[in-house]
Amino acid sequence: MNRAPVDGPQLELPDGFVLGTATAAAQIEGAVRAGGRSASIWDEFSAQPGRILDGSDTSVTADHYHRYREDVELMRRLGLDAYRFSLSWTRLQPSGTGPLNPEGVDFYERLIEELLAAGITPFVTLSHWDLPVEYEAGWLERDTAVRFGEFAGLVAERFADRVPAWITINEPATVTLNGYALGQHAPGQAMLFDALPTVHHHLLGHGLAVQALRGAGAKGEIGITNVYSPVVAATQQPEDQVMAALFDLVHNTVFCEPVLRGRYPQPPPQLSELPPELAGMLDVFDDAPDEDLAAIAEPLDFYGLNYYMPSVVAAGHGDGTTPDGVSEAMAQVPFELVDLPGCPRTGFGWPVAPEYFATALQQMQQRYGDVLPPVYITENGASYPDDVRDWRVHDVDRIDYIAGHLQAALDATGQDGQARGMDLRGFFIWSLLDNWEWAAGFTQRFGLVHVDFETGRRTPKDSYYWLQQELGRRRVR
Ligand code: BGC
């Protein structure tokens with residue numbers, strides 16, 4: 001599989017730095033009816049007309065369920081240290097109740113064994129957005145957190161001895177905002193600020209899962225994955241500053257602070273300017289019971305941070321346009337996300353701004369440095385409209401994106417960096433494979449490996465070969 005060298009920046013990775021890729025079950029596995037799996041909320045949501053940009057669904061995606069050996073072999077040849085993937089809850093515990101399904105357990109056992117045999121460390125995410133459909137109210141209900149904790153305990157009993165690293169929940173912020181506030185992701189609820197109880201239930205689910213993993217004797221390190229987007233006010237005008245502070249609170253700090261400090265953040269002073277009905281919505285966090293907060297703040301072995309882009313926030317009502325299409329709910333919130341001028345864009349239209357990655361790490365270090373465990377970047381990457389020509393995919397933009405962001409993170413956490421003091425242990429590229437990109441269906445390709453969604457055929461892109469060169473160089477240094 002080695003070919004002519006690919007041009008690209010040289011990476012200088014510190015000794016012991018973990019380089020991996022990340023995926024999620026619903027985005028790559030397919031085989032939604034195989035091996036006793038039951039329906040997840042994303043199966044149901046994607047079957048509803050108009051929900052997914054290209055009308056596609058979860059049924060086949062990248063067919064990883066059948067091709068996992070080939071995919072692990074691709075990673076082995078690439079020279080990766082680690083692979084982050086998620087478990088499909090409904091494959092392991094159909095309908096979300098009762099004992100684990102032996103066929104589901106068997107699939108993940110085979111995958112984990114294959115990875116370990118290839119010298120690749122599995123980082124296992126317990127929940128990456130796909131709940132059983134039986135949990136109708138989903139994360140709006142406290143009971144979902146309790147059930148998730150039970151699920152974590154059952155999983156740990158089976159896999160505790162073999163999994164070196166666990167991630168409880170992936171990006172609860174995105175689920176709360178896109179799934180319950182704006183209605184663009186499953187379960188498709190557009191409740192605006194009434195979605196806020198899902199914050200606490202996600203975090204409680206995380207805490208109960210940590211307790212269950214440890215209670216079942218899980219030997220691996222345990223963390224959570226939160227997305228972090230540094231927030232910039234569109235102008236110096238007070239109304240934009242207030243809305244930027246609000247967005248920072250509901251997107252960033254309400255998810256970090258309880259986990260790291262065992263309390264919900266105090267709204268910053270600018271928020272005293274909020275209209276009373278909006279300010280009142282934030283009171284929901286005041287009632288969190290102490291025992292919940294104690295569970296949420298269970299000490300972690302690491303903290304997972306996903307970074308994609310900054311958020312530029314302006315007061316006022318936009319037209320509801322989001323990367324996943326137009327959301328009527330988004331047009332009703334009192335702020336809009338506007339463009340960051342003067343930078344290149346990914347296929348999704350997201351700004352390419354590695355300097356804001358440094359800002360994200362700096363803010364995390366300033367806000368939580370005294371309590372922050374070692375950090376892994378658990379996702380970073382970019383979609384581009386890649387074509388296969390003569391068996392090659394010349395994804396130069398992706399190489400630049402990955403190299404630029406990885407370097408920004410290493411520089412920021414280095415001796416003279418703006419986030420110095422942060423113990424950055426590793427970096428997971430999103431993603432190994434082109435996948436099913438949630439509401440955007442197959443319209444966005446994030447992989448180091450191209451997937452033909454008609455045939456399932458994998459074609460490593462130039463970014464794959466570039467990374468292979470860099471990881472090979474590291475080994476012989
Ligand atoms: C999610 C991934 C998703 C990626 C790109 C992250 O928010 O965890 O599942 O594919 O962003 O949109």
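Guide: The expected span of a helix is 1.5 Å times one less than its number of residues. The model here is predicted: local features need pLDDT of at least 70, side-chain atom pairs count only at pLDDT 80 or more, and totals for chains, interfaces and linings use all residues. Numbering starts from 1 along each chain as its sequence is written, and side-chain values use heavy atoms, without hydrogens or water.

Visitor: How far apart are the end C-alpha atoms of helix H3?

Guide: H3 covers residues 64–78, and its end C-alpha atoms are only 17 Å apart, whereas a straight helix of 15 residues would reach 21 Å. Helices (H or I, at least four residues) and strands (E, at least two) are DSSP runs numbered from the N terminus.

Visitor: Where does H3 bend?

Guide: At Glu70, by about 35°; this is the angle between axes fitted to the seven residues ending there and the seven starting there. Gly79 follows H3 and has a positive phi, near 95°.

Visitor: Which residues of H3 are buried?

Guide: An α-helix has 3.6 residues a turn, so residues three or four places apart point the same way. In H3 the buried residues include Tyr68, Asp71, Leu74, Met75 and Leu78. Buried means under 20% relative accessible area, exposed over 50%, partly exposed in between (1.4 Å probe, protein chains only).

Visitor: Which strands form the closed barrel?

Guide: Eight strands, in the order S1-S2-S3-S4-S5-S7-S12-S13, with parallel pairing. The twist from one strand to the next averages 25°. Two strands pair if DSSP finds at least two bridges between them.

Visitor: How many bridges join S4 to S5?

Guide: Four bridges join S4 (residues 165–170) to S5, in parallel, with Asn170 partnered by Thr225 in S5. On to S7, S5 is joined by three bridges, also parallel, and Val227 stands opposite Asn306. Six of the seven residues of S5 (residues 221–227) are buried, so this strand is largely enclosed by the rest of the structure.

Visitor: What does S12 pair with?

Guide: S12 (residues 375–380) pairs with S13 (residues 424–430) over four parallel bridges, and Ile377 is opposite Phe427.

Visitor: Which residues touch the most other members of the largest nonpolar core?

Guide: Among them are Leu19, Trp166, Tyr303 and Met364, in a core of 167 residues. A nonpolar core is a set of buried Ala, Val, Leu, Ile, Met, Phe, Trp, Tyr and Cys residues joined through side-chain atoms within 4.5 Å. Beyond its neighbours within four places in sequence, Tyr303 has contacts (heavy atoms within 4.5 Å) including Ile224, Cys256, Met364 and Tyr376.

Terms used. Axes are lines fitted to C-alpha atoms, for helices over the stretch in contact, and angles run from 0 to 180 degrees between N-to-C directions.
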